[in-house]
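Please keep the sequence and the model in view while I talk.

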Amino acid sequence: MKHGIHFFNCSVLAVAIQDFTAVIKENPSNAQARLYRGRAYAMQQQYRKAIEDLAAAVHLDPSCWLAFYYRGCILQQIDPKRAVQDFSVSVLINDTKENLYSFLHRGIVYSEQCQWSLAICDFESVLSLDSSVIFAYLNVGLILLLHLDQYYEAIQQFTSAIEIDPLNVQAYICRAQAYHEIDNLVNAVKDINRAIHLYPNKSQLYVLRGQYLLELKKYNLASLCIHQLAEIDEESFTSQPVLQALIQSCCQNHNKAIECLREATATQLEPSMFVILGKIQMKAKKTKDAVRSFKKAMELLITSEKVLPYTFEAAEMYYLTGLCYMEQKNLLRAHDAFSMAIRLHSRYPDAFYQRGLCGMELRQAECIQDFNQALALCPSHFQAYMGRAAYYGSEGRYSKAILNCNEAIKILPNSVRAYFYRGTLKYQNQTFREAVEDLSKTIDLNKTCILAYYNRAVCYHQIKDFRKALKDYGVVLLLELSKEIALKVLINRGLLYMELGDYANACEDFKEATLLSPDDSQLFQATGICYRRLHEFEEAVRSFDRALKLDPVSVDACVGRGNSYMENGHKAGCKQAQKDFLRAIHLNPQCVKARIGLGYNLQALGKLQRAWSQFTVAIYIDPKCHAAYDGRASVCLQMGETFAAFQDTNAALKLTNTAPLLTNRGVINQMMGYLPCAMKDYQEAISLDPNYALAYFNAANVYFYNRQFSQAYCYYSKVLQLDPRNESAIMNRAITNTLLNNIEEAKEDFEKAICLCPFSAAVYFNRANLYNGLKQYELAEKDISTALSFQPNDALMYKFRADIRSKLGFNKEALEDYKQAISIQEQID
């Protein structure tokens, strides 16, 4: 046995086999002899005999892990399933470093069977046993790179291999490819440079480096790479003008490439040469020259029967000619060229697709048949699915268009175009949340896709997610974009700000939009509306003036300017507003807004009957206009027609249920003495809009009237939370605090009221009442005197001051006040 093992180790296999055979004859149950003879047979490529011996060794010694390992190695190519079983048994018996090759070979088998996760597990087991096995790192890295798209993890594996062996060229090449996949072209070039340094005569490495440099747009360096490649194999490079032309074209030197091929075509009149020349001319955007080259190729291809052969080569020439005509926007000629290509080669999916695009541009319904035919010939034709989606989208059949985008995404799962178009289709289909998902995926794939941000902002706007919409609009404006898109973004963002009630920012956006489009009257009109909401009425009037200069017959601009004049509060403005409302009615007698504006204008001028008539006409024009009913109700109330006002307010409430209308009805009920009904209306208004201060104020007044001072105090406080500068609420709360004996709070409220209305006689009168109750007569006398300075013809105030002065002992002054009070009262009577 020892003799045989010696010759086995010395690779004298014939003698070793004789010795092992002698041992087996003497002792048929010797497992070790069977193992060694099986290995020797395997080394002599006598695999059948080897498998028999190894099987016998396994039978005689089931714990012989080497026998399982070697049998697995032999079966690896011919029976992978049994090989995996043998490797598995081997590692089950011995899973130490001694048997790491069983893990390694089983990993290789799993890789060949595309069982990537199992293969990675085995290679990782090898590395856990011996971390210096470069082959395992490379295999794990290649699986992650080529099959699982886990590029960053693959880079880590190749880096580990390089750390162990810095001279391993394969690791550098693989890592360069991984860097290329994640668009880290700088590091990719560095790794290829290292590989070239190790193997300077390997031409494929120069080609790879040239490709990466082209993608980095470093054309001079790429060209240098090509020259280095030419030096490596100069003879074959210079003798092939086509190769030279293609390389020059790759380096964006199209003119040099065209020169090179023209020289070649002068001596080599071959159709293929002219086709290549035409393709390069297409790259150089010289489509007319390209068409001439393709026609020359067709002339050379014509047979003796003066017809083109029915071959793909001939069809491609017409196909390329059609592309040139498409570039020239000559759709009819392009359509004919693609039709000719299909006639020459009926199984040409790209030709069907391009003819379908032409047909779609020419509004031909049969274009869908071309897309269908392209997909019948090539079911994985991404462009055909996208073309069909575009056709169905243009027809308004959004669901079918989306289904085609789904199929396109199955073919190219990371297509920016497919996700973007599907997102826009979902927007058109009004499924905004799903559209946001697709547009977000588009942005993940391409961070600088301006239209994706813009469309996603529009979708967010539709679903009322205003914060995200504003963020996306902002991103679009930060990116480099066209004037048209910037204008749309500013208009949309301005409208969004208006919807949020942020008129200041809306105004800024519309002002910026007017700089981009100074002839758009609508923009000036929108700016005017914003200024009006901001109570900057003079600026609003100027904006509406500009809108009317651009569009003198704009009814909305007339109404907007009229409302701005009205809200400015000047008498002259009120007259001017009337002119604008009348002008709007002259331009459009059916304009309800103009009639309502004129109604309020006439009411403000005291012409109540004419105002009533305008509101009535507005109701006649639009019986569902609640604003007209509300306006007429206010006029009726002013005319003393309380019941008519009540009826109009009820009619408005049947059309729309708003807090202001409910509050108005509550006021009317209060005036008619129906306090429970009034309170019910106020409470309903509060439940409808918890931030409507006027409803709280009126409800507080009812509580005050009913002497429910605690409730009145709470409601006045709520009014002041919503509207801190409401002087009436502050004064009423001060009086309520006086009645509740909250003296300090009452004093504070009176101070606040005086700060807000320093010339209000009522505030000083009521504080005088407070001081009088506190027997602080000097302060009371001072306040009532101040009140009389603002309101000198009030008999009650004179009587009150007379009472206070008599308490202070100023009898003479008190007598004069009593006389003055009597005199004023007699005049009134």
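Let me begin with Arg-493, which forms a salt bridge with Asp-509, the closest N and O atoms being 2.8 Å apart; by salt bridge I mean a side-chain nitrogen of Lys or Arg within 4 Å of a carboxyl oxygen of Asp or Glu. This is a predicted model, so please bear in mind that local features need pLDDT of at least 70 and side-chain atom pairs count only at pLDDT 80 or more, while totals for chains, interfaces and linings use all residues. Residues are numbered from 1 along each chain as its sequence is written, and side-chain values use heavy atoms, with hydrogens and water left out.

Where do Arg-493 and Asp-509 sit in the chain? Arg-493 is in helix α30 (residues 483–500) and Asp-509 in helix α31 (residues 503–516), so that the pair links distant parts of the chain, 16 residues apart; helices here are DSSP runs of H or I with at least four residues, numbered from the N terminus. Arg-493 counts as buried at 15% relative accessibility, and Asp-509 is buried as well, with a relative accessible area of 3%. For these words, buried means under 20% relative accessible area, exposed means over 50%, and partly exposed lies in between, with a 1.4 Å probe and protein chains only.

By this rule for salt bridges, the count comes to 28. Another of them joins Asp-438 to Arg-422, with the closest N and O atoms 2.7 Å apart. Because Asp-438 lies in helix α27 (residues 432–445) and Arg-422 in helix α26 (residues 416–428), the pair ties together parts that are 16 residues apart in sequence. Asp-438 and Arg-422 are both buried.

Arg-542 and Glu-539 make a contrasting case, since their side chains meet in a salt bridge at 2.7 Å, N to O, but both residues lie in helix α33 (residues 537–550), 3 residues apart, about one turn of the helix. Arg-542 is partly exposed, with a relative accessible area of 47%, and Glu-539 also counts as partly exposed, at 28%. There is a network to look at too, in which salt bridges link Glu-781, Arg-801, Arg-805 and Asp-817.

Staying with charge, which residues form a positive surface patch? They are Lys-571, Lys-575, Lys-607 and Arg-610. A patch of this kind is made of residues with over 30% relative accessible area and no salt bridge, like charges being joined within 9 Å. Of these residues, Lys-571 is found in helix α35 (residues 571–587) and counts as exposed at 67% relative accessibility.

Now to the rings. Rings of Phe, Tyr and Trp (its six-membered ring) are taken to pair if their centres lie within 6.5 Å, and the pair is stacked with planes under 30 degrees apart, edge-to-face over 60, and tilted for the rest. By this rule the count comes to 16 aromatic pairs. Tyr-600 is partly exposed at a relative accessible area of 31%, whereas Phe-615 is buried at 0%.

Phe-765 and Phe-800 form an edge-to-face pair too, at 5.5 Å centre to centre and 70° between the planes. Phe-765 belongs to helix α46 (residues 761–773) and Phe-800 to helix α48 (residues 795–808), so this pair links distant parts of the chain, 35 residues apart. Phe-765 is buried, with a relative accessible area of 18%, and Phe-800 counts as buried at 11%. Ring pairs also link Phe-312, Tyr-319, Phe-338 and Tyr-348 into a cluster.

Finally, two loop positions. Arg-363 has a positive phi of about 60° although it is not a glycine; Arg-363 lies in the loop between α22 (349–361) and α23 (367–377) and counts as exposed at 75% relative accessibility. Arg-707, likewise not a glycine, has a positive phi of about 65°; Arg-707 is placed in the loop between α42 (693–705) and α43 (709–722), and at 61% relative accessibility Arg-707 counts as exposed.

Terms used
Patch = residues over 30% accessible without salt bridge, like charges linked within 9 Å, V, L, I, M, F, W, Y side chains within 5 Å. Areas by Shrake-Rupley, 256 points an atom, 1.4 Å probe, with all protein chains shown as cover. Lys, Arg positive; Asp, Glu negative; His and termini not counted. Charge placed at Lys NZ, Arg CZ, Asp CG, Glu CD.
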